[in-house]
Amino acid sequence: MTFINLSWLNEEGFVSIDPEAPHTIQGRFIPGCLIYIMAEGLMTPSMQFTGQAFLHTELNHKNPVVVGDTIHVEVEITEVRRTSKGNRGLVRALNRVLNQRGEVVLEYTPLRMIKGSPGSAPA
């Protein structure tokens, strides 16, 4: 509810336990942007001290998430290339966010600049 109030996403489906009109989604659903933010938070420990820039992404919401669901993120690295300067690389991934039933609820493809190892700078 704090996120809903802070972001002003006061749509009835996000805030009402007993909506005035029935929805096609059963339960109180969660904004897709919050699911994306939570997925990024789950990713943070794996990138601690290496991420330098978040450059781009495409988001595709597949299924709703409702209060009480559990999510996790599966990551597939799809592209890795060295930058032209310094010991950095560009890494693109396909991140799939799944609920406890194994349903994909969100897919996104972040492109990040990642710090390289000390000896990997181009000559």
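## A nonpolar surface patch

In this predicted model, Val75, Ile77 and Val80 form a nonpolar patch on the surface, and together they have about 270 Å² of accessible area. Such patches are made of residues with over 30% relative accessible area and no salt bridge, with nonpolar side chains (Val, Leu, Ile, Met, Phe, Trp, Tyr) joined within 5 Å and like charges within 9 Å; a salt bridge is a side-chain nitrogen of Lys or Arg within 4 Å of a carboxyl oxygen of Asp or Glu. Accessible areas come from the Shrake-Rupley method with a 1.4 Å probe, and for residues only the protein chains shown count as cover.

Val75 belongs to strand β3, residues 71-82, where strands (E, at least two residues) and helices (H or I, at least four) are DSSP runs numbered from the N terminus. Val75 counts as partly exposed because its relative accessibility is 39%, given that buried means under 20% relative accessible area, exposed over 50%, and partly exposed in between (1.4 Å probe, protein chains only).

Arg112, in strand β6 (residues 111-115), is buried, with a relative accessible area of 11%. Leaving aside neighbours within four places in sequence, Arg112 is in contact (heavy atoms within 4.5 Å) with residues including Glu40, Phe54 and Val91.

## The whole chain

The chain has 3 helices and 6 strands, which run α-α-α-β-β-β-β-β-β from the N terminus on. Of its 123 residues, 31% are buried.

## Basis of the values

Residues are numbered from 1 along each chain as its sequence is written, and side-chain values use heavy atoms, with hydrogens and water left out. Because the model is predicted, local features need pLDDT of at least 70 and side-chain atom pairs count only at pLDDT 80 or more, while totals for chains, interfaces and linings use all residues.
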